[in-house]
Each structure stands twice: as C-alpha cells, then as structure tokens.
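Hi there,

Here is the structure I promised to pass on. Have a look at it first, and then read my notes below.

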Amino acid sequence: MKEITIEEAKMMQLEILKKVSEYCDENNIRYFIYYGTYLGAVRHQGFIPWDDDIDICMPRPDYEKFLDSFKCENLAIYTWRKDNKALLPFAKVYDPRTEVKENADFGEEFGVNIDIFPVDGLPSDEGKRKRRVNYMKRCQAMQIGATIIDPSKRSGKTRTMINLIKAFYKVFPIKHYHTGRTIEHAKKYDFDSSEYVGVIVWGYGQREVVRKDSIIPLRKIRFEDGEFWAPGTDESLRHAFGDYMQLPPVEQRHYKHLPKMYWKD
C-alpha cells in the first residue's frame with residue numbers, strides 16, 4: 001500500500017471539510033470548526049503547523065440529522081450504531097479509499113478523516129452541571145480504556161487505570177453497549193433550550209462548558225483557502241487554551257497523533 005504523508009493527509013482533510021460544509025449549508029445543518037481547528041483559524045488562518053487533524057462540532061439535533069442523511073461520493077461516516085461495532089461516541093467523516101493505523105482499536109476501520117463532535121445541553125445549576133460533566137468524563141475514560149492498544153507511553157497512573165478498565169471488559173464484554181449508553185446519557189438536556197452547552201462525550205471535561213450564546217450565533221472565519229462557520233466568540237478558546245494567541249514552547253510544537261495512513265490497494 002502507498003503511504004500518505006501528513007501534508008497530503010491535511011489537504012485531504014481540508015477537502016473533506018469543504019464537502020461537509022457545503023452539504024451542511026445546503027441542508028440547513030449547523031456546524032462550526034472547533035478545538036485546534038478553530039485556534040488554527042484564529043491564530044494561523046489555517047492549520048496549526050504542528051496539528052494533524054480537523055475538528056468540527058454540531059449541536060446535537062443537527063448532528064443527528066447529519067448522521068441520518070449525509071451522502072457524498074468517496075466519503076463515508078464512522079459512527080456508533082446498534083448494528084455495528086464502533087466504539088467512539090462521536091463521528092468521523094472519512095475517505096474509504098484510505099485506511100488509518102493507530103495505537104487503538106475503534107471497533108471498525110476508517111480512513112483519513114475529520115472528527116465531528118455533538119454538542120449537548122447542560123443543566124443551568126452549577127453543581128448539577130459539574131457533576132454531569134465529571135460523570136461523562138468517567139465515561140470517556142472507560143472508552144479510552146476500551147480502545148487503546150498499548151498504554152505503555154502513558155503516565156503510570158493512566159496506565160494503571162487503562163489496564164484496570166481492560167480487565168473489566170475482559171470479564172464484562174460490553175464495550176459497544178457502554179458507548180451507546182454514554183451517547184444516550186449525553187442527550188438528556190436539549191441543546192436549544194439550554195443556557196450552557198458542551199462536548200461532553202469527549203474532550204476536556206469542565207473546560208468544555210460554555211454559554212450557548214458564546215457559540216450561537218455563528219460567524220464565518222477563514223481557514224486555509226476557505227471560509228467556514230465558527231463560534232460567535234472566543235470563549236471556548238479561552239476556556240480550553242487560556243492565552244490562546246501565545247505560542248507554546250518550541251519543544252511542544254510537534255504532531256501528537258501521527259497515525260500511519262495508506263491508500264488501499
């Protein structure tokens with residue numbers, strides 16, 4: 001198989017983003033670039049030079065509509081369904097002509113992709129909100145333990161946690177079921193009627209929580225050679241990254257994922 005370089009993959013990801021964006025705009029589906037992609041757009045007007053993926057979000061109602069309807073030539077969706085083996089509680093749009101090899105078993109294979117995260121509503125009460133996010137963070141830990149293959153490069157505490165989770169799943173083979181339960185639990189609070197929202201099926205835990213009016217209404221922002229929807233304010237960047245315009249130390253400017261990527265024969 002022919003290997004795909006990181007720079008080739010980034011351009012493929014950009015093309016996937018453009019197709020997803022076009023589909024969403026044509027079908028009245030809200031989406032916005034997020035995480036490092038949003039930071040890259042604001043600080044670099046494109047990819048962070050040492051970033052290797054694209055992240056977008058959708059309010060839960062739009063996310064479900066997208067999963068049920070999206071069709072595009074040479075693209076497919078990885079997502080959890082009752083009749084498959086997927087183990088992640090968020091989706092990926094990927095090029096099925098390619099494949100990705102990582103230090104993880106996600107239940108089903110996918111190729112070069114972009115991540116799509118659902119944004120769910122959260123309680124207005126601060127105490128309830130914190131308890132809910134902490135519970136979902138524990139669910140995420142269970143999913144990480146279910147998917148990672150070799151935890152040897154993680155910290156000692158994390159390795160112990162992952163090995164305990166793996167031992168649990170050997171006795172109780174419910175990894176796929178647990179992902180489904182996590183997704184259903186995340187939907188408890190409606191996005192549009194909630195004051196606070198966040199990506200609670202994955203991510204940074206309490207740092208994910210933002211006021212909905214810091215995201216909606218959306219705005220267009222430049223990323224590489226296109227313009228895409230982004231949150232209406234920088235609140236999510238400040239929550240996740242602090243002084244986000246400050247570059248990290250040189251020794252931290254490196255790719256974090258770097259999976260092996262190939263064109264299928």
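How many bridges join β1 to strand β12? Two do, and β1 and β12 (residues 260-263) run antiparallel. Strands here are DSSP runs of E with at least two residues, helices are runs of H or I with at least four, and both are numbered from the N terminus. Two strands pair if DSSP finds at least two bridges between them.

Before you go on, note that this is a predicted model, where local features need pLDDT of at least 70, side-chain atom pairs count only at pLDDT 80 or more, and totals for chains, interfaces and linings use all residues. Residues are numbered from 1 along each chain as its sequence is written, and side-chain values use heavy atoms, leaving out hydrogens and water.

Back to the sheet: it is open, with three strands in the order β1-β12-β6 and antiparallel pairing. β1 (2-3) and β6 (98-101) each have a single partner strand, so one side of each lacks a neighbour in the sheet. Within β12, Y262 stands opposite E3.

Next, the nonpolar core, meaning buried (under 20% relative accessible area, 1.4 Å probe, protein chains only) Ala, Val, Leu, Ile, Met, Phe, Trp, Tyr and Cys residues joined through side-chain atoms within 4.5 Å. The largest one has 63 residues, and F66 is among those with the most contacts inside it. Helix α1 (residues 6-26) gives this core its largest share, six residues. A second, separate core has seven residues, including A9 and V112.

Enjoy exploring!

Definitions and conventions
Buried < 20%, exposed > 50% of the residue type's maximum accessible area, 1.4 Å probe, protein only.
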